[in-house]
Amino acid sequence: MTIDVLAFATSPRRHGNSETLLDWMLDAMKGEGAAVEKIVVPEVDIRPCRGCNACAKLNRCIQRDYMDYVHDRIVEADCIILASPIYCMGLTAQAKVLVDRAQVFCTRKYVLRLPVVPPERKGRRVGVFLSTAGQNWDHVFDAAIPSVKCFFNVIDVREKDIRYLMVNNVDEKGAIARHPTARADAGALAGEVAAYLQEVGVA
């Protein structure tokens, strides 16, 4: 069975540092035999959550947009990767739209008391957060982490199954290519994730 990897590039700047980091990891995942799909969130029709709570009655979002496809793929995937640069100490607006639209899974799980994934797949999924930041501060990623953990929790990825690769002090486009370890770290993380998913019986 092939590992199914679903990745989200959420920077409004195409092929910048966070997307480059993502591409390095995805290339390494392909080398591990995974099937990879990358969705560039700013280029698809994903509208903001309306806060209408219709999903608590319908078990789906009332809006008809690209999230219809994304919701199904999130359920199917073995590994979900969210890549976002840090803007104003948090996720990009495009990443936050994706996280907010995961409200469907939150209501499914906690209001309707329905499964997000089949019981046999719980504990057999991995979430990855890749991020880059221009500032060279140790705390620059701290404000983004709660949203990331919330996103993965509601799609049934356990906290212990979340992996992080966060690279600071890469500001201008292309700066990450000069980072001494980022590419190797992305490859190592891909290998770790693939090995874990093979261990739990996904592949």
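This is a predicted model: local features need pLDDT of at least 70, side-chain atom pairs count only at pLDDT 80 or more; totals for chains, interfaces and linings use all residues.
**Notebook: sheet, helices, pocket**

I began with the sheet: it is open, built from five strands in the order β2-β1-β3-β4-β5, and the pairing is parallel.

Next I checked the edges. β2 (35–40) and β5 (162–167) sit there, each with a single partner strand, so one side of each is left without a neighbour in the sheet. I also looked up the twist, which averages 15° from one strand to the next.

Then I turned to one pair of strands. β3 (residues 79–85) and β4 (residues 126–132) are joined by seven bridges in the parallel sense. I picked S84 and asked which residue in β4 is its bridge partner. I found S131.

For α7 (residues 182–199), I noted that the helix lies across β3, β4 and β5. Against β5, α7 runs at about 175°.

The largest pocket comes out at a volume of about 180 Å³. I listed who lines the largest pocket: 14 residues, with R13, P85, I86, Y87 and D171 the closest to its centre. I then sorted the lining of the largest pocket by class and got five nonpolar, seven polar and two charged residues.

Key:
Residues are numbered from 1 along each chain as its sequence is written. Side-chain values use heavy atoms; hydrogens and water are left out. Two strands pair if DSSP finds at least two bridges between them. Helices (H or I, at least four residues) and strands (E, at least two) are DSSP runs, numbered from the N terminus. Axes are lines fitted to C-alpha atoms, for helices over the stretch in contact, and angles run from 0 to 180 degrees between N-to-C directions. Contact means heavy atoms within 4.5 Å. On a 1 Å grid over the protein atoms alone, a cavity is a set of points where a 1.4 Å probe fits but cannot get out, and a pocket is an open set with protein on both sides within 12 Å along at least five of seven lines; lining residues have an atom within 4 Å of a point. Grid points are joined across faces, edges and corners, and a volume is the space filled by probe spheres set on the points. Ala, Val, Leu, Ile, Met, Phe, Trp, Tyr, Cys and Pro count as nonpolar, Asp, Glu, Lys and Arg as charged, and the others, Gly among them, as polar.
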